[in-house]
Amino acid sequence: MKTKQEVQKIIMLYIGKANIIIADDEVRTCEQIESMLKGYSYINIIGIANTDEEEIKLIEELKPDVVVTDLMRNHEFTGLDIIKEYAEKEISPKFVVVSFSPNYSLCHRYKNITNCIHKFPEINGSELAYKILCAKRIIWKEEQDRLILKEERQHFLEKVTKIIVWIIIIINI
């Protein structure tokens, strides 16, 4: 049986640390989430936002892998508005939604929401860390797929180039 530290080292070796932003309009909620995640070496909290503007600014500047956010807020935007905005972008952070509201229909509407956790006060750090890890694994898989496509495209171009060269040689003979 592997220890927690050994498991975390294996995770970081294969998929790297998950750089995350915590975003909620309740400062206390952000503090609770931060406290829950402190013991996980594969999670790197790179920013905390308490307003919509801060969240958008941090996402744009820090380019996190994952944003842990709430859906409903008492501001100009909701967490859902921000998720919608980033769903349109080719490369977007993944969102792990923590909320008091169990509105799963909203959670599964957008491809960039990887997990929805409702009943926020009842979750524990290991459950949240696992959801973040799942989101990071999805990102890692998407990156691998992009690399494979790039290699396949490169291989295809090399083959086409060889064919064109042979055609030119044959025409000139």
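How many of the six residues of strand β1 (residues 18-23) are buried? Five are, and the strand is mostly covered. Buried means under 20% relative accessible area, with a 1.4 Å probe and protein chains only. This is a predicted model: local features need pLDDT of at least 70, side-chain atom pairs count only at pLDDT 80 or more, and totals for chains, interfaces and linings use all residues. Residues are numbered from 1 along each chain as its sequence is written, and side-chain values use heavy atoms, leaving out hydrogens and water.

**Overall make-up**
- The protein has six helices and five strands. Helices (H or I, at least four residues) and strands (E, at least two) are DSSP runs, numbered from the N terminus.
- From the N terminus on, the order is α-β-α-β-α-β-α-β-α-β-α.

**Strand β1 and its partners**
- Strand β1 pairs with strand β2 (residues 43-49) in the parallel sense, over six bridges. Pairing requires at least two DSSP bridges between two strands.
- Ala-18 stands opposite Ile-43 in β2.
- From β1 the chain passes through helix α2 (residues 27-37) to β2, a right-handed β-α-β crossover. Right-handed means that, with the strands pointing away from the viewer, the path from the first strand over the helix to the second runs clockwise.
- Strand β1 also pairs with strand β3 (residues 66-69), again parallel, over four bridges.
- Ile-20 stands opposite Val-66 in β3.

**Burial and contacts**
- Of the 173 residues of the protein, 39% count as buried.
- Among contacts (heavy atoms within 4.5 Å) with a separation of 6 or more, 63% join residues 24 or more positions apart.

Terms used:
Buried < 20%, exposed > 50% of the residue type's maximum accessible area, 1.4 Å probe, protein only.
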